[in-house]
Amino acid sequence: FYVLSAMVLLEKLLVFFFFSIQYTDSDQTLLWQVATDLSNGIFHGPCFYGQSYGPNIEPLLAVPFMKLGMPVYTALPLVTILLSTTPFFLLAIYFKRKTNTQTALIPLIVCLLLPLEYSLLTAIPRGFVGGIFFVSLGIFCWKYFRNNASLFFAGLFIGLGLYGNLNSALLLPLILPSIHWNKKFLLRAAPFFGIGFSIGLVPFYLNYQFYKTHPELLIHAAPSVKLSWNSFVETILRFNNYFDQVSPFFWRFGFISLLLFPLAIYFLWKKKKTFESWAISFVFIAILGSLFMEKTKESSYSLFFSGGRFFLAIPFVFIFISLYVYSFLSAKKKKKFNRIALTLAFISFGIKLFFFSPLLENAIDKEKSWYVQVVRIDELKKQCSEMNAFGEHPSLFIAVTGDTPEQPITYGCQCLQNDFPSTYIPHYERRRWLISEYNRTVFPTILLHGKDTTRWDRSKFNHLDILKFDKEKGWMLVRNSETTDVFLFESGIVKPE
C-alpha cells in the first residue's frame, strides 16, 4: 500500500516540477490574473473572467499559498494537483478502513495504470478537477460515516461539486449501491442529505444572479446544453480525443475502455448485483448522452484543449467496477488478480518514469494545441522583460492580434513582474471592467505587440508618432495624445461599430 502510494506521489511530483511550473498557456495566465486579484482582495466575479461558468475554485484555494510567498504559477498547479490526486487516496483510505488492504490497492493501481497524459491534464489549472474533488469528498462522507452530520456534508459537497464542474456528475450513480433501500434509512437520510445538497446548489443561484446583474462582464455565456446528431457524429469521428487520455491501461485505445462498460453491466446483472449494474448503466448512458452535446465537440487531442476534460471521472468509475468484480472472486483468484494488477501497475509506472521526457514532449507538442497558446514560463518571463525594456516602461501594452496569441503577455506579465505596465487586448479583453476605464484614458506611450502580420498590414499607422518598431518581433512603441478608444479607431486596430 505504501509503496504504491509513494509511486503515485512520485509521478505527481515529476509532473509538478517538469511540467506544471515549466509550461503555461493562454487560458492559465487568465487564472494567474484571477488568483493575483483575489490575493490582493480584489473580486470581479465568481467565475473565470469574461464568462459565467467555470468557478474560480483553484485561484481561491491558491491564495493561502501565495500569501506564504509562493509565485502564482507555482501555487495554482499545486492546488490543482492536490485536488486531482486526493480522490484516489480518499477511496484507498476508505477501502483500507472498511474492507482490507488488498482492496485498498485498487484505487492506487488504477491511478498508476492511467497514461501520463491524465496526470498532466489534471495538473492544468483550468477548472477541470474541482468538481470531481468535491463530489468524491461527498461520496467519502456518504460511505465512510453514517451519522446525520455526514449525510448533510455528503449532500453539501456533492452540490458544490456539481457547481464546480458538471464533469463530476458521472460519479453520482456510484452512490446508488450504497443506499439502504429501506424506509427507516431513507426517512432519516433524505432530510439531512437534501438540506446539505440544497445548500451546495446555492452557488448556482448566486452565480446566476451575479451575472444577471453584471452582463457587461461577459464575453461567453454558459455553454448550451443543446443536443444534436451532428455533435454526436463529430465526437465519434474524433473518439480518441475523448478517451485515450483518461483510460486506464488502454492508453492509445481509449475506445476499448468504453466497450468494457456493457460487459461490466451484463456481468453484474448476471451476478444479481442489480444496483451495481444500474449504477454503471447510468454512467454509460450519461457518457453516450454527453456526446450529443454541442459543447462536447469543442476539443482536440492536445492536452490543453483535450476532450478528456469532460470525462476525467472515468478512472473512478473503473475503480468501482474493479471493486464490484473483485468481490466475486475466490481467494485464489483474488491472489492471481492482485499479482497481475500489481505487475501491470509497476510496468506502467516504469514506462512513465523511464520515458517521461519523450512522453512529455509528445504531450505538449505545440502543433496539437491550436486552440491555446502554450509557452514556457521562463521564456514568458524573458519576453516580458525584453518588451518592457524595448518600450522603456510604456504606459500601456496593446495586443493587436485576436483571442489567443498574445494572451500570455496580456494576462501573464503583470503577474510575473510587479511593476509591469497596464495591458489591454481590445479584440478579446476578458477583464471587461477595464474597457470603459481604458477607453477614456490617455496613455502617453503605448507599445503595440503581435506577430499577426496581416493585422499590421491592415492597420493605419502612418499618422502615428512611432518611436521604435521591430517588425520581426511584432513590437511598435508610439507616443500618444489621444484617449485609447480614439487611438484604436484612428490606427485601424479596432473598427467603429
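This is a predicted model: local features need pLDDT of at least 70, side-chain atom pairs count only at pLDDT 80 or more; totals for chains, interfaces and linings use all residues.

Visitor: What is the phi of Phe249, roughly?
Guide: Phe249 is a residue other than glycine, yet its phi is positive. The value is near 75°.

Visitor: And is Phe249 buried, partly exposed or exposed?
Guide: Its relative accessible area is 46%. Buried would need under 20% and exposed over 50%. Phe249 falls in between, so the label is partly exposed.

Visitor: Is Glu392 buried or exposed?
Guide: Its relative accessibility is 59%. The cut-off for exposed is over 50%, so Glu392 counts as exposed.

Visitor: On to the sheet. In what order do the five strands of the open sheet come?
Guide: Strands of a sheet pair through backbone hydrogen bonds, either parallel or antiparallel. Here the pairing is mixed, and the order is E4-E3-E5-E7-E6.

Visitor: Which are the edge strands?
Guide: An edge strand here pairs on one side only. That goes for strand E4 (422-424) and E6.

Visitor: By how much are neighbouring strands of this sheet turned against each other on average?
Guide: This one is an average over neighbours, with direction ignored. The figure is 20°.

Visitor: Do E3 and E4 run parallel or antiparallel?
Guide: Strand E3 (residues 396-399) is joined to E4 by three bridges.

Visitor: What about E6 and E7, parallel or antiparallel?
Guide: Five bridges join strand E6 (residues 465-470) to strand E7 (residues 475-479). Within this part of the sheet, Phe469 stands opposite Met476 in E7. The direction of the pair is antiparallel.

Visitor: Which residue takes a positive phi in the hairpin of E6 and E7?
Guide: The hairpin has four residues between the strands. The phi in question is near 80°, and it belongs to Gly474.

Visitor: Which strands does helix H17 lie across?
Guide: Helix H17 covers residues 377-390 and runs at about 35° to E7. The strands it lies across are E3, strand E5 (445-449), E6 and E7.

Visitor: Which strands does helix H18 touch?
Guide: Helix H18 (residues 407-416) packs on the sheet too, and its direction makes about 160° with that of E4. The strands it touches are E3, E4 and E5.

Visitor: Is Ile493 buried or exposed?
Guide: You'll find Ile493 in the segment after helix H21 (484-490). Its C-alpha atom is separated by 9.9 Å from that of Leu448, 45 residues apart along the chain. Its relative accessible area is 6%, and buried means under 20%, so Ile493 is buried.

Visitor: How far apart are the C-alpha atoms of Gln373 and Phe304?
Guide: Gln373 is found in the loop between helix H16 (356-363) and strand E2 (374-376), and it is partly exposed at 32% relative accessible area. Along the chain, Gln373 and Phe304 are 69 residues apart.

Visitor: Now the holes. What is the volume of the largest cavity?
Guide: The count comes to seven cavities of 30 Å³ or more. The lining of the largest one includes Pro87, Tyr94, Lys143 and Phe320, and it divides into ten nonpolar residues, one polar and one charged. Its volume is about 120 Å³.

Visitor: Which element gives the most to the lining of the second largest pocket?
Guide: That pocket has a volume of about 640 Å³. It is lined by 20 residues, and Leu113, Leu260, Phe318, Ser322 and Phe337 lie nearest its centre. Elements giving two or more residues are helix H5 (101-113), helix H12 (254-270), H14 and helix H15 (331-354). With five residues, the top contributor is H12.

Visitor: How many charged residues are in the lining of the second largest pocket?
Guide: By class, the lining has 18 nonpolar residues and two polar ones. For charged residues, the number is none.

Methods. Residues are numbered from 1 along each chain as its sequence is written. Side-chain values use heavy atoms; hydrogens and water are left out. On a 1 Å grid over the protein atoms alone, a cavity is a set of points where a 1.4 Å probe fits but cannot get out, and a pocket is an open set with protein on both sides within 12 Å along at least five of seven lines; lining residues have an atom within 4 Å of a point. Grid points are joined across faces, edges and corners, and a volume is the space filled by probe spheres set on the points. Ala, Val, Leu, Ile, Met, Phe, Trp, Tyr, Cys and Pro count as nonpolar, Asp, Glu, Lys and Arg as charged, and the others, Gly among them, as polar. Buried means under 20% relative accessible area, exposed over 50%, partly exposed in between (1.4 Å probe, protein chains only). Two strands pair if DSSP finds at least two bridges between them. Axes are lines fitted to C-alpha atoms, for helices over the stretch in contact, and angles run from 0 to 180 degrees between N-to-C directions. Contact means heavy atoms within 4.5 Å.
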